[in-house]
Amino acid sequence: MAIDTTALARFLRQRRGSLQPEDVGLPRGVRRRTDGLRREEVALLSHMSADYYARIERGDGPVPSEQMLAAIAQGLHLTVDERDHLFRLAGHVPPARGGVGDHIGPGMLRILDRLQDTPAEIVTELGETLRQTPLGVALTGDTTRFTGLERSLGYRWFSEPATRDLYDPAEHEFLSRLWVSSLREAIARRGVSSRASLMAESLQDRSAEFREVWNRQEVGLRPRETKHFVHPELGVLELNCQSLIDPEQSQFLLVYTAVPGSESHDKLALLSTLAPRALV
C-alpha cells in the first residue's frame with residue numbers, strides 16, 4: 001500500500017479541528033483562538049514532538065511508523081474505523097481487531113477523562129493496563145509501565161511474587177483461580193496462536209502454582225464486586241469495583257469507589273494527596 005500524503009494531512013487536520021480541549025481532557029485556557037486543538041496539543045496527547053507531528057500534518061514529513069500512527073490515533077481519540085482509515089492513508093495495514101489491540105475508543109476515553117477524582121483504569125481482557133487516572137496510579141502504582149508478557153497483571157501474579165502485596169492475603173487463592181479461569185477462556189476465544197496461549201505456556205514453565213491451578217480446568221469464575229487493597233501508606237481499603245465494557249475491543253473501564261462514611265471512604269479521600277507523587 002502506498003502512502004497518500006495529501007489525504008493523510010487533510011484527514012489529520014479535519015480530525016484536529018473537530019476536537020475541543022475539553023473533549024480530550026485538556027484545559028481550554030482564556031486566550032484560545034484556534035478552532036479545535038492546536039498541533040502541539042495533539043503532539044502532547046500522542047507522546048511525540050510537535051515538530052514531528054506538524055510535518056506529518058503538512059504532508060512533508062517522514063512516513064510514520066505503525067507505532068506512531070497508533071499513538072496519533074489514540075491522541076486524536078479516533079474510533080476504530082477512523083484508526084484503520086488513518087493506517088491505510090499512511091500505507092500500512094490496520095491492526096487486527098478482536099481483543100488483541102491497545103486502541104481505546106473515544107467514548108471510553110471521554111468517560112475516563114471525567115474521572116480524575118476517582119481511581120479508575122482501562123484494561124484489556126488479559127489484565128493489561130492501558131490508561132489510568134492519577135488516583136488510579138496512586139492506588140496501584142503506574143501499571144502502564146510494564147512491557148511484554150509482564151504487562152498482564154495475571155502474568156505478574158504468578159511470575160513476580162511482590163505483585164500480590166497490594167491485595168489482601170485472604171483473597172490470594174481465589175484471585176489465582178480467577179486469573180487462570182480468565183486466561184483459559186481467552187485462549188478458547190483467541191486460539192492457540194494468541195498472546196493468551198503464549199502467556200499460559202510461559203507460566204506453565206515458570207510457576208508450579210499456575211500448573212496446579214491450570215490442571216483444575218476451571219472456567220466461569222468472575223471478579224467479586226468488593227476488592228480489598230493493601231496500600232503501602234494507607235493500609236487496607238475495601239473498594240467496590242464497577243466496570244464498563246467495550247465489547248468490540250474487549251476492554252474494561254474499572255472504577256473503584258468506597259461506601260460513604262466508611263473508613264475506606266476516608267482513606268480514599270487521602271489518596272489524592274499521594275497522586276502527584278505517583279505521577280512523578
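Modeller: Two strands pair if DSSP finds at least two bridges between them. Helices (H or I, at least four residues) and strands (E, at least two) are DSSP runs, numbered from the N terminus. This is a predicted model, in which local features need pLDDT of at least 70 and side-chain atom pairs count only at pLDDT 80 or more, while totals for chains, interfaces and linings use all residues. Residues are numbered from 1 along each chain as its sequence is written, and side-chain values use heavy atoms, with hydrogens and water left out. The predictor's confidence in each residue, pLDDT, runs from 0 to 100; its mean for the protein is 91, and 96% of the residues reach 70 or more.

The sheet is open and has five strands in the order β2-β1-β5-β4-β3, with antiparallel pairing. Its edges are β2 (129-132) and β3 (226-231); each has a single partner strand, so one side of each is left without a neighbour in the sheet. From one strand to the next the twist averages 30°. Angles here run from 0 to 180 degrees between N-to-C directions, with axes fitted to C-alpha atoms, for helices over the stretch in contact.

Val-123 has Thr-129 in β2 as its bridge partner. The two strands, β1 and β2, form a hairpin with four residues between them, and Gly-127 in the turn has a positive phi of about 75°. Elsewhere in the sheet, β4 (residues 235-246) and β5 (residues 251-257) run antiparallel and are joined by seven bridges. Asn-240 stands opposite Thr-257 in β5.

Two helices lie across these strands. Helix α6 (residues 106-113) lies across β1 (120-124), β2, β4 and β5, and runs at about 15° to β5. Helix α12 (residues 263-270) lies across β4 and β5, running at about 80° to β4.

Buried is under 20% relative accessible area, exposed over 50% and partly exposed in between (1.4 Å probe, protein chains only). The largest such core has 39 residues, of which Leu-183, Phe-210, Leu-239 and Leu-271 touch the most other members. Both β4 and β5 are among the elements that give two or more residues to this core, as are α7 (134-140), α8 (153-159), α9 (172-190), α10 (195-206) and α11 (208-214). The most comes from α9, with seven residues. Leaving aside neighbours within four places in sequence, Leu-183 is in contact (heavy atoms within 4.5 Å) with Leu-126, Ala-196, Met-199, Ala-200 and Phe-210. A second, separate core of 24 residues includes Ala-7, Ala-43, Met-48 and Leu-86.

In the loop between α11 and β3, Gln-217 has a positive phi of about 65° although it is not a glycine. Most residues other than glycine have a negative phi. As for confidence by element, α8 has the highest mean pLDDT (98) and helix α13 (residues 275-278) the lowest (52). Where pLDDT is low, the predicted coordinates should not be read in detail.

How values were computed:
Core = buried A, V, L, I, M, F, W, Y, C linked by side-chain atoms within 4.5 Å.
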